[in-house]
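Please read the following report on a single protein chain alongside its sequence and model.

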Amino acid sequence: MINKTPISFEFFPPQTPEGLIKLSGTCRQLAALQPEYFSVTFGAGGSTRERTLEAVQRIKSEGHEAAPHLSCVGSTRENIRSVLNTYKNLGIKRIVALRGDLPSGMAATGEFHYANELVSFIRTETGDHFRVEVAAYPEFHPQAKSPRDDLLNFKHKAEAGANSAITQYFYNADAYFRFVEECRKLSVTVPIVPGIMPIVKFSQLARFSDACGAEIPRWMRKTLESYGDDNTAVQAFALDIVTQLCERLLAGGAPGLHFYTLNQAGPSLEILKRLGYR
Ligand SMILES: Cc1cc2nc3c(=O)[nH]c(=O)nc-3n(C[C@H](O)[C@H](O)[C@H](O)COP(=O)(O)OP(=O)(O)OC[C@H]3O[C@@H](n4cnc5c(N)ncnc54)[C@H](O)[C@@H]3O)c2cc1C
């Protein structure tokens, strides 16, 4: 059976012209599965502003829907207004709106504190032009005062005008289902799309997970560690468990899947092939 649940893919903006050409190839391979859109991350404080724009233009010019991420911490209203106008003039219709994290040591001098303020600003400035995605954290954001506070803060983003959410990656499907249930109890009705992180290298995953607070369950960590430098064994195990995670999420009603590709087509393509995407 052919799977039709919507999918999307996330890239980071390449640092070099060669990287941008390579991204076009990756995009072409993934486009065969007819994703809803390709998103491109944005360094907090505007550090990747030009590169994000370049990648978004490239994706759009090749006929795909591109969704730039936009983080607000460290930015002024004027900066954000100018970025929004640029995207509007380019015909971009979707934005992933975030607070972002400033590099350590950089003082937060901007005019925005939290992502809900950015969502409100986008609505005030551009009405309904953009479909706005926000971030959600089934295992809770590392700086949240409490799970309850984090849920309420997520609700504020929905109330500010977000259309839907993409989650931080996780490997525990129960955390996702519980998060969705808690949101529905708070009358938050926006679709909450699981973010899926294929695993290519354990050391890289461990580093990301420490930084963003996504848990690698002990049984997975122990198994991945036991493979040492044997990346073939890591990838074979990872493809199985991430595919099973996606199967559970889709069977439980997840409204879509958003893949953190790390600019590689292979792992996402293989998982999606196993899930019945053609
Ligand atoms: C799908 C996805 C894509 C991402 N893309 C990028 C990217 O492109 N660039 C980038 O720099 N980062 C990106 N990130 C990381 C993100 O910027 C960080 O996780 C950041 O720490 C929080 O951003 P947020 O938009 O979730 O913030 P918020 O929703 O503002 O939440 C941040 C923290 O503040 C708390 N909070 C929110 N509102 C309030 C309030 N009014 N009072 C007190 N506390 C509050 C929340 O509970 C949470 O702990 C992404 C994350 C995800 C899940």
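Does Arg131 count as buried, partly exposed or exposed, and at what relative accessibility? Arg131 counts as partly exposed because its relative accessibility is 31%, where buried means under 20% relative accessible area, exposed means over 50%, and partly exposed lies in between (1.4 Å probe, protein chains only). The model is a predicted one, in which local features need pLDDT of at least 70 and side-chain atom pairs count only at pLDDT 80 or more, whereas totals for chains, interfaces and linings use all residues. Residues are numbered from 1 along each chain as its sequence is written, and side-chain values use heavy atoms, with hydrogens and water left out.

**Salt bridges**

A salt bridge is counted here when a side-chain nitrogen of Lys or Arg lies within 4 Å of a carboxyl oxygen of Asp or Glu, and by this rule the count comes to 15. Three of these pairs are set out below.

| Pair | N to O distance | Relative accessibility of each partner |
|---|---|---|
| Arg131 and Glu133 | 3.5 Å | Arg131 31%, Glu133 2% |
| Arg274 and Asp240 | 2.8 Å | Arg274 37%, Asp240 39% |
| Glu270 and Lys273 | 3.7 Å | Glu270 25%, Lys273 49% |

Arg274 in helix α10 (residues 266-274) and Asp240 in helix α9 (residues 231-251) are 34 residues apart, and their pair links distant parts of the chain; helices are DSSP runs of H or I with at least four residues, strands are runs of E with at least two, and both are numbered from the N terminus. Glu270 and Lys273, by contrast, are separated by about one helical turn, because they are three residues apart in helix α10. Salt bridges that share partners join Glu65, Arg94, Arg131 and Glu133 into one network.

**Lys93**

Lys93 lies in the loop between α3 (77-90) and β4 (94-98), and it is partly exposed, with a relative accessible area of 46%. Leaving aside residues up to four places away in sequence, Lys93 touches Glu65, His129, Phe130 and Arg131, a contact being heavy atoms within 4.5 Å.

**The whole chain**

The secondary structure comprises ten helices and eight strands. The radius of gyration, taken over C-alpha atoms, is compared with a globule rule of 2.2 Å times the number of residues to the power 0.38; the value of 18 Å is close to the 19 Å that the rule gives for 278 residues, so the chain is as compact as a globular protein of that length. Of the 278 residues, 51% count as buried.
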